[in-house]
Amino acid sequence: MLRNIFRTSRWLARQTRQINTFSPLLLRQHVLVKTYSSPVILIRSPASTDSAQTAEVDPVIYEEICTETLESLCDYFEEIVEGATHLKGADIMYSDGVLTVALGNSYGTYVINRQSPNKQIWLSSPVSGPKRYDLIVQNGGYWVYKHDGVTLHQLLQTEISKIVESVDFKKCAHSA
């Protein structure tokens, strides 16, 4: 029983990472969670116009676009590594929605993974650090970092072109 409580609390923590403090304006969207001691009301802030588009994406469409994006990036990174003699020790791995691109000690490791609860793709870059990309369903779907408006494929184009001269991430699925 204690193990189930621990699992439930970990799940709940993952689902509610960004909870705002209580406000009467936020009562429109709430979740009632029953714990063993007392009920707790978790308040979610109303979605802004930008995140409303992301939140309304059908989960099936999100999964399809996300899978196509990650598989396409995996294939393209493998193509890049095969063609670059200075990247012979590089390792590309894709499993369970996580794409790991280890380009060696000189260039670092990129990790690109799906975040289904948030309907995002997360990127960890050795150059620019962590970013969270939201799905924009217009124009066939593409991924954008809403803090700076740069798409996932644009960032990869900029960073990887400093390692390998002739790259074109526009070839990949769901680039803007």
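Author: Strand 4 (residues 98-102) and strand 5 are paired in the antiparallel sense, with five bridges. Bear in mind that this is a predicted model.

Reader: What makes strand 4 and strand 5 a pair?

Author: A pair needs at least two bridges found by DSSP. Strand 4 and strand 5 have five bridges, so they pass. Here are examples. Ala-102 has Thr-109 of strand 5 as its bridge partner. Thr-100 stands opposite Val-111 in strand 5.

Reader: What lies between strand 4 and strand 5 in their hairpin?

Author: Six residues lie between the strands. In this hairpin Gly-104 takes a positive phi near 100°.

Reader: Which way do strand 5 and strand 6 run, and how many bridges join them?

Author: They run antiparallel, joined by five bridges. Arg-114 stands opposite Ile-121 in strand 6. Strand 5 and strand 6 also form a hairpin, with four residues between them. Lys-119, in the turn, has a positive phi of about 55°.

Reader: How many bridges are there between strand 3 and strand 4?

Author: Five bridges, again in the antiparallel sense. Tyr-94 stands opposite Leu-99 in strand 4. The hairpin of strand 3 and strand 4 has two residues between the strands, and Asp-96 there takes a positive phi near 50°.

Reader: What is the order of the strands in the open sheet?

Author: The order is 3-4-5-6-7-8-9, seven strands with antiparallel pairing. Strand 3 (91-95) and strand 9 stand at the edges. Each has a single partner strand, so one side of each lacks a neighbour in the sheet.

Reader: Why is strand 5 called largely enclosed?

Author: Five of its seven residues are buried, so the rest of the structure largely encloses strand 5.

Reader: Where does helix 3 lie?

Author: Helix 3 lies across strand 3, strand 4, strand 5, strand 6, strand 7 and strand 8. It runs at about 165° to strand 5.

Reader: Why is Leu-70 called buried?

Author: Buried means under 20% relative accessible area. Leu-70 has 0% relative accessibility, so it counts as buried. Leu-70 sits in helix 3. Leaving out residues up to four places away in sequence, it touches Tyr-94, Gly-97, Leu-99, Ile-112, Arg-114 and Ile-121. Leu-70 and Ile-112 are 42 residues apart along the chain, yet their C-alpha atoms are separated by 7.7 Å.

Reader: What makes Thr-69 buried?

Author: Its relative accessible area is 0%, so Thr-69 is buried. Thr-69 is in helix 3 too. Beyond its neighbours within four places in sequence, Thr-69 is in contact with residues including Ile-121, Trp-143, Leu-152 and His-174.

Reader: How do you know that Thr-151 is buried?

Author: Thr-151 has 5% relative accessibility, so it counts as buried. It is found in strand 9. Not counting residues up to four places away in sequence, Thr-151 touches Tyr-133, Tyr-142, Trp-143, Val-144 and Ala-176.

Reader: Why are the buried residues of helix 4 said to be on the same side?

Author: Those residues are Leu-152, His-153, Leu-155, Leu-156, Glu-159 and Ile-160. They cover an arc of only 160° around the axis, so they are on the same side of helix 4. What covers them includes helix 3 (59-83), strand 5 (109-115) and strand 6 (120-125).

Reader: What is the mean pLDDT of the protein?

Author: It is 78, and 69% of the residues reach 70 or more. Over residues 1-9 pLDDT stays under 50. Over residues 11-54 pLDDT also stays under 50.

Key. Residues are numbered from 1 along each chain as its sequence is written. This is a predicted model: local features need pLDDT of at least 70, side-chain atom pairs count only at pLDDT 80 or more; totals for chains, interfaces and linings use all residues. Side-chain values use heavy atoms; hydrogens and water are left out. pLDDT is the predictor's confidence in each residue, from 0 to 100. Contact means heavy atoms within 4.5 Å. Buried means under 20% relative accessible area, exposed over 50%, partly exposed in between (1.4 Å probe, protein chains only). The arc is that of the directions from the helix axis to the C-beta atoms. Axes are lines fitted to C-alpha atoms, for helices over the stretch in contact, and angles run from 0 to 180 degrees between N-to-C directions.
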